[in-house]
Amino acid sequence: MYQCSKCFQRGCTKQDLTKTLPDCPSKEAAIQEKAKELYKEAENHRIAYCAALTEAGGYGQDTRLIEIIKFLHRGGYKKIGLAFCTGLYKEAQEVTNILEYNGFEVISIICKNGAITKDFLGITNEQTVRGNCKTESMCNPIGQALLLNEQKTEFNLILGLCVGHDTLFIKYSDAPITALAVKDRVTGHNPLAPVYLAQGYYHKKFYPEDPETLNPKDTEYNK
């Protein structure tokens, strides 16, 4: 079982596999060779190569969006899909303006596309945000992906899709994807902030006396 998050030696970063855990994935020669072969495929090489240049070119200086812009330029991507959450509508407008100013064509699809109400999923009034499953539109990430596929976008960006909705978008998108920002309403979309406080202010929230506290048990899927 691989336990990289519990390894304090990180010999892989210095090509010293004597300083690793016994089950270090770096020692899985067959898998690593398979990975190296896959990097030789044209699209994979394009992404990995441009990502390495982007990492080194603005290390510790460029913001996420600046990195994305430089990466897209390096990769020759022109037609960009933007799958965004309705709660970040203003942010999506600004991101679109920035990308268009920098020479990209942007196809943007909002999460509520299709106007499908939540009763379609079997959601009840009690399980909705605003109390009416027949008037509250569900998020439609599969629709976002299919619409961007139909437009033949070359690269897609995710902006603020909810947990699970982003999963479905990633599953059905034909084009490669990166996340500009993920949804975290409580922290102003900065989900790592509570992680930095996990041994302090947020300790009781992340490590409740009874771990089942964080298990809602409100769906048949986890019974």
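Which helices each supply at least two residues of the lining of the largest pocket? I opened my notebook with that one. I kept in mind that this is a predicted model.

**Entry: the largest pocket**
I looked up the helices and found H5 and helix H6 (165-172), each giving at least two residues to the lining of the largest pocket. I then checked the volume, and about 750 Å³ of space lies in this pocket. I read that 26 residues line the largest pocket, and that Lys 112, Lys 118, Met 138, Cys 139 and His 165 are the closest to its centre. I sorted the lining by class and got 13 nonpolar, seven polar and six charged residues.

**Entry: Gln 144 in H5**
I stayed with H5, which covers residues 141-150, and picked Gln 144 from this helix. Is Gln 144 buried or exposed? I noted a relative accessibility of 1% for Gln 144, so this residue counts as buried, the cut-off for buried being under 20%.

I next looked for partners of the side chain. A polar atom of the Gln 144 side chain lies 2.8 Å from the backbone oxygen of Ile 109. Leaving out residues up to four places away in sequence, I listed what Gln 144 touches: Ala 83, Phe 84, Ile 109, Ile 110, Cys 111, Asn 113, Leu 161 and Phe 169.

**Entry: the second largest pocket**
I finished with the second largest pocket, whose volume is about 290 Å³. Which residues line the second largest pocket? I wrote down Leu 121, Gly 122, Ile 123, Gln 127, Asp 218, Thr 219, Glu 220 and Tyr 221. By class, I put three of the lining residues under nonpolar, three under polar and two under charged.

Conventions: Residues are numbered from 1 along each chain as its sequence is written. This is a predicted model: local features need pLDDT of at least 70, side-chain atom pairs count only at pLDDT 80 or more; totals for chains, interfaces and linings use all residues. Side-chain values use heavy atoms; hydrogens and water are left out. Helices (H or I, at least four residues) and strands (E, at least two) are DSSP runs, numbered from the N terminus. Buried means under 20% relative accessible area, exposed over 50%, partly exposed in between (1.4 Å probe, protein chains only). A polar contact is a pair of N or O atoms within 3.5 Å; within protein, one must be able to donate a hydrogen and the other to accept it, and residues adjacent in sequence count only if both atoms are side-chain atoms. Contact means heavy atoms within 4.5 Å. On a 1 Å grid over the protein atoms alone, a cavity is a set of points where a 1.4 Å probe fits but cannot get out, and a pocket is an open set with protein on both sides within 12 Å along at least five of seven lines; lining residues have an atom within 4 Å of a point. Grid points are joined across faces, edges and corners, and a volume is the space filled by probe spheres set on the points. Ala, Val, Leu, Ile, Met, Phe, Trp, Tyr, Cys and Pro count as nonpolar, Asp, Glu, Lys and Arg as charged, and the others, Gly among them, as polar.
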